[in-house]
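Please examine the sequence and the structure shown below before reading on.

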Amino acid sequence: MHHDTIEAIAEEFWQQGFVALPNFFESQVMQQLHSIILEHFSDSPQYLHDADFIEKSKAEVIPWFPQSDGITQFDKIEQNSQLKSLTEEILGADWKTQQCMVMLSKPQSKGQAWHQDCPPEDQQSFNLNRLVYTMDVNDEVGGHVVIKPKSHLSGEITTGELFEDFEDQVVLAPKAGTLVLIHGHCWHRVKPVNNQSRVSTNFRAIPKGIPEGITDICVYRNMRYQFSTSTMLVER
Ligand SMILES: O=C(O)CCC(=O)C(=O)O
C-alpha cells in the first residue's frame, strides 16, 4: 500500500471516527482463522460475562483470547505490515497492540447496544479497535456494525434507547477479509444476530502512554460498566 493511500485512510479515520477496508486480508488466511475459531467454540459456548451485565448492556458476546491460549496463527494479522503502517499513521510512534479478542455472538442473540469502548472525557485517551472479519456479515447472518460518524468528537454518548436508529448512522456489512477501524470514543453497536453464529476478532491497539486497561470501563447509554470488577459504576 502506497504511503499516500495510508495517509488518506488515516485522514478519513480522523474525520469520521472509523474506516472500513474490504479485502484487506487474504481469504485463505481468513478461512484458516475462522476454522480455528469454530473449532474452539464447537462445544456449546457459555456466556462468560456476568448475567446482570448481559441483561443491562445487551452485549451477548462470548469473548476468547486465542493468543493467551498459545494459538499463534493470529499473530500473522498482528504482524501484517500494512496493518502496522496504518496503525502507526493513526496512532503515532510507539503505539502498542493488545491481545486479540475473538467475539462470538450466538444465533438469535441481541448483538451489542450503542457504546463507547472507554470514557471520552480525555480526547487523547482512547483505544483503537482493529476489527477483522473472518466470515461475511450480511442480511442472512445479521449482526451488522452500526456507527455514528464523527461521534468520537461528540463527548459522552447520550442516554436513550439502547438500539436507537440515528438518521446519520452508517450500517456496515463487512465481508470476510475486511478490516474495520473504529475509534474507541466513536459510538457504535452491533445489530441482532439471526439464525447462525457471528464472529469478529478485535486486535485493539493503544497510543503511546495509554494504560493497558483503558477499555476496562465501557460507556453505554444506560450505564458505565467496569469489567474488572463486574460493577456498574454509574447508572444513567
Ligand atoms: O463485533 C463487531 O463487529 C464490533 C465489536 C464492538 O462493538 C467492539 O469491539 O467494541
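## The nonpolar core

In this predicted model, the largest nonpolar core has 47 residues. Those with the most contacts inside this core are Phe18, Val132, Leu179, Val180, Leu181 and Ile182. Strand 9 gives the most to the core, with 4 residues. As a general background, nonpolar side chains tend to be buried together in soluble globular proteins.

Which residues does phenylalanine 18 touch, not counting residues up to four places away in sequence? They are Phe13, Ile147, Val180, Leu181, Ile182, His183 and Cys186.

## Helix 5

Helix 5 covers residues 81-91, and its residues Leu83, Leu86, Thr87 and Ile90 are buried. Seen down the helix axis, the buried residues of helix 5 fall within an arc of 100°, so they line one face of the helix.

Just after helix 5 comes glycine 92, which takes a positive phi of about 85°.

## The surroundings of the ligand

The ligand is surrounded by Met103, Gln112, Asp117, Asn129, Leu131, Val145, His188, Val190, Ser200 and Asn202. Strand 6, strand 10 (188-190) and strand 11 (198-202) are the elements that give two or more residues to this shell. Sorted by class, the shell has 4 nonpolar, 5 polar and 1 charged residues.

## A buried residue in a loop

Valine 193 lies in the loop between strand 10 and strand 11. Is valine 193 buried or exposed? Valine 193 counts as buried because it has 23 C-beta neighbours inside 10 Å, and the cut-off for a buried residue is 20 or more.

Leaving aside neighbours within four places in sequence, valine 193 is in contact with Ser105, Pro107, Gln108, Ser109, Gly111, Val141, Gly142, Gly143 and Arg198. One of these residues, valine 141, is 52 residues apart from valine 193 along the chain, yet their C-alpha atoms are separated by 6.2 Å.

Strand 13 (residues 217-220) pairs with strand 5 (residues 112-116) in the antiparallel sense over 2 bridges. Here histidine 115 stands opposite tyrosine 220 in strand 13.

Strand 13 also runs antiparallel to strand 14 (residues 223-226), to which 3 bridges join it. Valine 219 stands opposite arginine 224 in strand 14. Together, strand 13 and strand 14 form a hairpin with 2 residues between them.

Definitions and conventions: Residues are numbered from 1 along each chain as its sequence is written. This is a predicted model: local features need pLDDT of at least 70, side-chain atom pairs count only at pLDDT 80 or more; totals for chains, interfaces and linings use all residues. A residue is buried if 20 or more other C-beta atoms lie within 10 Å of its own, exposed if 12 or fewer, and partly exposed in between; C-beta atoms are placed from the backbone. The arc is that of the directions from the helix axis to the C-beta atoms. A residue is near a molecule or strand if its C-beta atom, placed from the backbone, lies within 6 Å of it. Ala, Val, Leu, Ile, Met, Phe, Trp, Tyr, Cys and Pro count as nonpolar, Asp, Glu, Lys and Arg as charged, and the others, Gly among them, as polar. A nonpolar core is a set of buried Ala, Val, Leu, Ile, Met, Phe, Trp, Tyr and Cys residues joined through C-beta atoms within 7 Å. Two residues are in contact if their C-beta atoms, placed from the backbone, lie within 7 Å. Two strands pair if DSSP finds at least two bridges between them.
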